Amino acid sequence: MTSIPVEQNISLDNEILNFKQLIKKIEEYKQIGNQEFTKYDKTNDNLNKKAVTYYSLGIECFNNNFQRLKTKETMNVINDKDEKELKKLVSIIYSNLSLCFINGYEIDKALESAIKGTEIDIDNAKCHYRKSLCNQYMCNFKESFKSISDALKACNNNTIIDKSLKQLIENEKKEIEKKLKKLENEEIECQNRIKEDYEQFQQFPIELVWRDGFGRCVLASEDLPKGTMVLRVSPFASVLEDHKIEKNCGFCFKKINKKDRLNQNCKNCKNHLLCSQCSNDEYAINYHKEECDILNFLKEYYPSSQTRDFRFMFRVLLNVIRDKNFKRNQTTKTTTTSSSSSSSSSSSSSSSSSPFSKENQSKQWLNHENPFIFDSYKYLINLSRTLDKVQPEQMEAFKRSAQSVITIFNKLRGAKFFEQCGVTIEEIIEIYSIVLSNGHEMLHPLNCHTYGLGIFPTGSYLNHSCLPNAFWYNDDQGMMVFRTLRPIKKGEEILTSYTDITTECSERRKHLLKQYFFFCQCQQCKFQSNLTDQYCLSCKNQLTNSTLCFNLPNNKNGSIDSGFNYHCSKCNSINKQLESINPSFYFTNQHDQRTFKKINLLINIMQQRHQSFATDSINKNNEYLMKGMPDHIVYKEITNALEQSMILNPSKVSADQVFTNSLIQYYFRLFQTLKLEKQIDTKQLQSVKSKILQLLTPIIHLPSSHHKPSIEKKLNY
Ligand SMILES: C[S@@+](CC[C@H](N)C(=O)[O-])C[C@H]1O[C@@H](n2cnc3c(N)ncnc32)[C@H](O)[C@@H]1O
């Protein structure tokens, strides 16, 4: 439980004598909670703490008094009918609390509340419905289906039926059924791929498996040292960023010398450069030929539509069409061949002649020293998608865009082109949603700048972790390459990050939920979400959500002035005020603790020195001088401490040993302190900055472009 602010003016009358008083009090809390809920700005996606507080108070009031009334401590024993009424009310509060947590993106707490609500009143349909929703976000679709079925049962058990709620639940049930069917197919396809595509996966030290709740997972098939290339995937389709079109090769995306750019531009569309290598590659030449008329058309008639995303969709669709045309021709051929009883054509030899097979890709790709995985269309269309989560406005935009694409193709290639290719508008919309969840910005391996957009189906098989053990970049051929960040043991899952892991657990989970529609279940989040930022004043243990109890103050008429009391279940003491946790609490590993204590000490020395400089620059008795540490020694000590911590940097220890985030904050704090040091010059700062960047390599090398600028900004000098 997080610390919840309490309104100053609620009086807590703990002496509830009978059922009527209890129900009145709880009803009051519910009403104020509801008022706070309605007042809250719906666009604000932070937790509505006020509403949560009032609902929590209602629940606490019930917990504190119900047993007493039931166990006949009082003369006013509660009867069955009253008990039912009371439990119904509390269950509604749990349901409302669950909704607050859902709106605040705290799905674990939302689920916990919904479960409690259904336990207390099995006929609370909304609670079952919310339980189902939370399970969906947690990718437990089987559980979600069970809950939505319970919700429907509860609707039917209620004498007064809320028709719109029942309709909502029925629709949701259909959606979950569809999702379960889709997952079943995905699992079958995954098992098929494991068998059929064995050779491609054998090129890398990995194994593809299916796990309930997570879907496809990539595991290490042997012990892997740090830096090992674990996967290299060719793009199903990729395009340059708009501002790179006039400077970079449109096939391999490498930068072209200024003097060569004019010669290398396509004479027809004048909108596509090929580097000297690619202009000798038949595949690269033909690849552009197929899109040239489209680019030309856009330039002439819809100049504002020549955007990266629009160009990207054309490239995706051209490959889809190639794949479909080939398959259609193959079917026709097979039918003709079998009807004429000629010798059977093996499917493998036919597929090798596909214009969209691995063997027919660019020779540059095939001759490269590193192997790669090639994905045909069936692996693209099997990727997970979130069509049901797409906002209505976005869906409208998809439809408009899909219609424009069809119109342009039909105009340029013949009125029935799309129909003949067998691509429907529904399929294009589905591809859009796949691209939305699986498209990747393409990152330069050295400077991490985004230079394009691509889709790499097998690259999307890797799951996310907020303490990843692998990272990715795009290499000189525009392939997506994954490498290990630390040694990985055989059988361990290979995980990358989809988000900025330098932010707080709740922020990360919110971003992943908003962007990718799942509630992160990684080890790091599970560990961090159970920690509070407080520790027990008596036993000094860090309070976790599971050791933290929630108590109402015992004072009869008093108002809550300093928030809730916390009850440490480890030492049983009740504390009114809790201090913020000491950063060394984050490190269970002794070596880390010592290193960080040292850094902390040095920071303090620096800060004191800085203060004393400000107040009395020639105070010879300041602590720093008393310790007899000259400038360069302090500076060296800090660097040494940083180096030591690098030996045990967070990517090398397990998630339950280290808080990546606190480590980063520590470095930032250190840097800010050093910046204030008058005697530190730019060169020294630069050196500390490089040291910190080196320490944060695992994070900086992660794919997202969000965090890199934020780290750079914090290390500005
Ligand atoms: C890009 S896919 C990754 C591959 C996925 N396993 C599959 O088979 O498609 C992203 C999906 O994987 C699951 N996933 C990945 N990382 C996760 C995590 N840390 N916690 C929960 N689910 C995760 C979620 O279902 C998410 O929507």
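Reader: In what order do the strands of the open sheet of three strands stand?

Author: This is a predicted model, in which local features need pLDDT of at least 70, side-chain atom pairs count only at pLDDT 80 or more, and totals for chains, interfaces and linings use all residues. Residues are numbered from 1 along each chain as its sequence is written. Strands (E, at least two residues) and helices (H or I, at least four) are DSSP runs numbered from the N terminus, and two strands pair if DSSP finds at least two bridges between them. The pairing here is antiparallel, and the order is β3-β9-β8.

Reader: Which strands stand at the edges of this sheet?

Author: An edge strand has a single partner, so one side of it is left without a neighbour in the sheet. That applies to β3 (229-233) and β8 (470-474).

Reader: Which residue in β9 does leucine 231 stand opposite?

Author: β3 and β9 (residues 480-484) run antiparallel and are joined by four bridges. In β9, the residue opposite leucine 231 is phenylalanine 482.

Reader: Are helices α15 and α17 parallel, antiparallel, perpendicular or oblique to each other?

Author: The axes, lines fitted to C-alpha atoms over the stretch in contact, with angles from 0 to 180 degrees between N-to-C directions, come within 9 Å and cross at roughly 120° for α15 (residues 392-413) and α17 (residues 425-438). Angles under 35 degrees count as roughly parallel, over 145 as roughly antiparallel, 65 to 115 as roughly perpendicular and the rest as oblique. α15 and α17 are therefore oblique.
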